[in-house]
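Hi everyone, thanks for coming. Let me put the structure up on the screen, and then we can walk through it together.

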Amino acid sequence: MAKVGSPSEERAGARGRVPSRHPEEGAAGAEGRFKTEEMILNVGPQHPATHGVFRLLATIDGEVLIDADPVIGYMHRGYEKLVEQRDYRQITNLVSRMDWLSGINNELPLALAVEKLMEIEVPPRAQYLRVILCEMNRILNHLMFFASFGAELGAITPTFYAFREREDIQRVMEATTGGRMHFGFFRPGGIKEDVPEGFVEGALAGVRQVIDRLPDYENLLVGNEIFKQRTIDIGILEEEAAYSYGVSGPIARGSGITMDVRKDEPYLVYDQFDFDVQSAPNGDCFDRFWVLIREVGESARIVEQAIEGLPPGPIMGKVPRVIQAPEGEVYVRCENPLGELGMYLVSDGDRRPYRLKIRTPSYSNVSALSYVLKNTYVSDMIAILGSFFFVLGDIDR
Amino acid sequence: MAVIEKVKLPGPASWLLNWSRKYSLWMMQFGLACCGIEMGAAIASKFDIIRFGVIPFPASPRQADLLVVAGTVTDKMAAPIKRVYDQMPEPKYVISMGSCANCGGPYWDSYAVTKGVDQIIPVDVYVPGCPPRPEALLQGVIRLQQKISGENPSEKWLGHTTPIPVIPEPGLAGGV
């Protein structure tokens, strides 16, 4: 089992290759580029590599993408309107289905927003359990990225390994919440019920197994020359561009931005845990992959610490029978596995929200795609789309 | 093909045809939403849908026999789904996976969601759940195989709808 080094060490071993970005028109364009007739290539909405119903209108000149226009809206379900018809407990189950890879992380900002408006104190045990479940869900999400990114680059093996690990963690979460993907477990004021017997042992076993096996899995891809050549220096998103497009989460951290809401603006009890914000400086596909895989280890560290310090006590604060947020407005942001998830809740004192604006991470991340895809080669398009790990339900809501 | 259309098949021949068809279903995965992940789990290591003779990853819908619509069908997505279905050659089958594809599910009052994929294309088997467990999809596949084994192949090739046969209780896979 070879140990995987830092991104710069790993990159140093890769052989040289042709530059991924085609020289811009002008400087080398006149003699270096052979112009052909422009053609519009439609990718999607049904395409297995876009994990979902993402559509891309690519204008290509020979092998070079000169323009890429993402078309979204194929999964628009009208969330922001639907939640106005449902009361706060029902919304929990609805927002859980918004980003289907990180159900419980979506429920969290809603619960936090309602608690902030109603000034409910959440008992520490519930806060610790929330952290544990959120981080386990983050591991599930990142494993799914590992599975899909490998498959998109032509390696199907990571899919089978990642799904094996997912099943182990999903079994623990299912024993606790009753759902494999959509949990509906966080309520305003706490969590639905206390964890069952054997949760601590099961969670620890599942998480430690992931940590044990992760280096091997990483080596499957990082130790592979083909993988390196397809990802290193491909699809570069510079730090300034990432800032200006509002990119957040692991995609931004892959561009050298050390921004993590868990560290910068701690919610729940994240300030009590010792974990690092992983980031990589280059902003290419390899660095984004590296950051996402490294975060699995950090999440596992948080789970271990939280289980160690799990206090006894009640799991629900003092909540009235009818949840009726007082008049007011509040903005809460949390670190979703894919970036910053914000919820702006406006209440007029009813059982239902007056308005709930949802700021989803994938939507902002995907807006940088047309910038990154410009002047790249067609064969790199799938690698770039895969490394911008987006979930269509999260984009369209 | 032409012979099958004109001649009434003798019993053993149609049994053989059905038997071979039901264990080599090429599955076009239409993973739309959450159910797509569970469909992936059904294909992956633990549940392994290939042992039922269902082969995922066809290169295009033109090579597929079975369309699994897994997830929320929005009005914007309805036209591409119809198009993929039309590209598939007869005989073809459709499994609607999950509450959203069945009837709209939790988005029953949404302005953007099609309430059931059966408004666009004919559906053979409905798999309930939100999302259904991978085992539920496997059970749906078994039900579809039971349906295929009771079919009259010549009618199916002509595109006629076959009356749904009485499905025996689930026992051995396929119930042959």
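A:Arg208 has a relative accessible area of 43%, so A:Arg208 counts as partly exposed; that label covers everything between buried, which is under 20% relative accessible area, and exposed, which is over 50%, using a 1.4 Å probe and protein chains only. A:Glu304, at 23%, is partly exposed too. These two residues form a salt bridge, with the closest N and O atoms 2.8 Å apart. By salt bridge I mean a side-chain nitrogen of Lys or Arg within 4 Å of a carboxyl oxygen of Asp or Glu. A:Arg208 sits in helix α8 (residues 199-222) of chain A and A:Glu304 in helix α13 (residues 285-308) of chain A, so the pair ties together parts that are 96 residues apart in sequence. Helices here are DSSP runs of H or I with at least four residues, strands are runs of E with at least two, and both are numbered from the N terminus.

A quick word on where this comes from: it is a predicted model, in which local features need pLDDT of at least 70 and side-chain atom pairs count only at pLDDT 80 or more, while totals for chains, interfaces and linings use all residues. Residues are numbered from 1 along each chain as its sequence is written, chains are lettered from A and ligands numbered from 1 in the order in which they are written, and side-chain values use heavy atoms, with hydrogens and water left out.

While we are on chain B, here is its overall make-up. There are seven helices and five strands, and from the N terminus on, the order is α-α-β-α-β-β-α-β-α-β-α-α. Of the 176 residues in chain B, 54% are buried. Contact means heavy atoms within 4.5 Å, and among the contacts in chain B with a separation of 6 or more, 76% are between residues 24 or more positions apart.

Now, where do the two chains meet? In all, 32 residues of chain A are in contact with 35 residues of chain B. The two chains bury about 2,700 Å² between them, 64% of it on carbon and sulfur atoms; buried area is the accessible area (1.4 Å probe) that two parts lose on being put together, summed over both. On the side of chain A, A:Gln46, A:Tyr74 and A:Arg180 lose the most area to chain B, together 21% of what that side buries.

There are three salt bridges between chain A and chain B. A:Glu174 makes one with B:Arg133, at 2.4 Å between the closest N and O atoms. Which element gives the most to the side of chain A that touches chain B? That is α7(A), with six residues.

Let me finish with a residue from that helix. A:Arg166 is found in helix α7 (residues 157-177) of chain A. A:Arg166 is buried yet has no salt bridge, and the nearest side chain of opposite charge, B:Glu38, is 5.5 Å away; for charge, Lys and Arg count as positive and Asp and Glu as negative, with His and the chain ends not counted. A polar atom of the A:Arg166 side chain does lie 2.9 Å from the backbone oxygen of A:Leu140. Leaving aside neighbours within four places in sequence, A:Arg166 is in contact with residues including A:Leu101, A:Met144 and, from the other chain, B:Ile37.

Methods:
Polar contact = N/O pair within 3.5 Å; in protein donor to acceptor, adjacent residues only side chain to side chain.
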